Amino acid sequence: IVGSYESKISALCCGNLGSTVSHDLKWESNINTIRKKAQQRMYFLQQLRKFNLPQELLIQFYTAIIPVFNTVEKIIGASLPPIQDLNVSRVRKRAANISAGPSNPGHNLFQLLPSGRLYRALYTKTTRHKNSFFPQAVTLMNI
């Protein structure tokens with residue numbers, strides 16, 4: 001009784017953090033959870049494909065809901081934009097909204113240089129800060 005109780009508690013506690021680890025520190029339950037999520041998401045895409053929806057709608061569904069899977073292109077029969085391109089476009093759009101709105105708290109981080117074309121690069125001391133949103137957004141806006 002005690003052993004089964006401990007395994008339920010360890011799976012419950014760690015499951016709330018995004019990972020599921022059993023009491024003997026095995027990853028099978030986490031891998032099965034991720035695989036099940038991927039299959040569930042692929043199921044909806046397959047159902048939409050069965051209804052002969054246009055590829056534009058399937059791509060829109062993919063970019064809104066589903067992360068990149070190698071088999072998605074096979075299912076809908078069209079090439080999809082890489083996740084990096086999606087990320088870059090979303091960061092640029094978000095950065096443009098922040099720089100355009102003076103009421104946004106991050107607005108002052110997007111300062112134009114005297115040329116009026118490029119933004120002033122943010123000074124970062126640590127790698128963690130350099131990889132955060134604002135320095136990366138300024139770099140992407142300058143490209």
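**Entry 1: Ser99**

I started at Ser99, which sits in helix 5. This is a predicted model, so I keep that in mind for every entry. Is Ser99 buried or exposed? With a relative accessible area of 15%, Ser99 is buried, because the cut-off for buried is under 20%. I then listed what Ser99 touches, leaving out residues up to four places away in sequence: His107, Phe110, Tyr119 and Met141.

**Entry 2: Tyr119**

Tyr119 was on that list, so I turned to its own contacts next. Setting aside neighbours within four places in sequence, I find Tyr119 in contact with Ser99, Phe110, Gln111, Leu112, Leu113, Val138, Met141 and Asn142. Phe110 and Met141 are among the residues that Ser99 touches, and Tyr119 contacts both of them too.

**Entry 3: the nonpolar core**

Which residues make up the largest nonpolar core? I count 10 residues there: Val88, Val91, Ala95, Ile98, Phe110, Tyr119, Phe133, Ala137, Val138 and Leu140. Helix 5 and helix 7 are the elements that give two or more residues to this core. Tyr119 from my previous entry belongs to the core, and its contacts include the core residues Phe110 and Val138.

**Entry 4: Ser89**

Back to helix 5, which spans residues 83-100, for a look at Ser89. At 40% relative accessibility, I note Ser89 as partly exposed, because that value lies between the 20% and 50% cut-offs. I also checked Ser89 against Leu140: the two are 51 residues apart along the chain, and their C-alpha atoms are separated by 9.3 Å. Leu140 is one of the core residues from the entry above.

**Entry 5: the largest pocket**

I looked for pockets next, and the largest holds about 260 Å³ of space. It has 17 lining residues, and the closest to its centre are Lys130, Ser132, Pro135, Gln136 and Thr139. Which elements give two or more residues to the lining? They are helix 5 and helix 7. Helix 7 supplies the largest share, 7 residues. I note that helix 5 and helix 7 came up for the core as well.

**Entry 6: Asn52**

A backbone check took me to Asn52, which has a positive phi of about 55° although it is not a glycine. Where is Asn52 found? It lies in the loop between helix 2 (28-50) and helix 3 (55-65). Asn52 counts as exposed, because its relative accessibility is 65% and the cut-off is over 50%.

**Entry 7: the whole chain**

Stepping back, I count 7 helices and 0 strands, so the pattern along the sequence reads α-α-α-α-α-α-α. Of the 143 residues, 21% count as buried. The accessible surface comes to about 10800 Å², with 58% of it belonging to carbon and sulfur atoms. Among contacts with a separation of 6 or more, 33% are accounted for by residues 24 or more positions apart.

**Entry 8: confidence**

Last, I checked the confidence values. The mean pLDDT of the chain is 76, and 67% of the residues reach 70 or more. Where is confidence lowest, and where highest? It is lowest in helix 1 (residues 2-15), at a mean of 49, and highest in helix 7 (residues 133-142), at 92. Over residues 9-16 the pLDDT is below 50, and this stretch has 9 contacts in the model beyond near neighbours in sequence. Where pLDDT is low, the predicted coordinates should not be read in detail.

Notes. Residues numbered from 1 in each chain as written. Predicted model: local features only at pLDDT ≥ 70, side-chain atom pairs only at ≥ 80, totals over all residues. Heavy atoms only, no water. Helix = DSSP H or I, 4+ residues; strand = E, 2+ residues; numbered from the N terminus. Buried < 20%, exposed > 50% of the residue type's maximum accessible area, 1.4 Å probe, protein only. Contact = heavy atoms within 4.5 Å. Areas by Shrake-Rupley, 256 points an atom, 1.4 Å probe, with all protein chains shown as cover. pLDDT = per-residue confidence, 0-100. Core = buried A, V, L, I, M, F, W, Y, C linked by side-chain atoms within 4.5 Å. 1 Å grid on protein atoms, 1.4 Å probe; cavity = no way out; pocket = protein on both sides within 12 Å on 5 of 7 lines; lining within 4 Å. Points joined across faces, edges and corners; volume = space filled by probe spheres on them.
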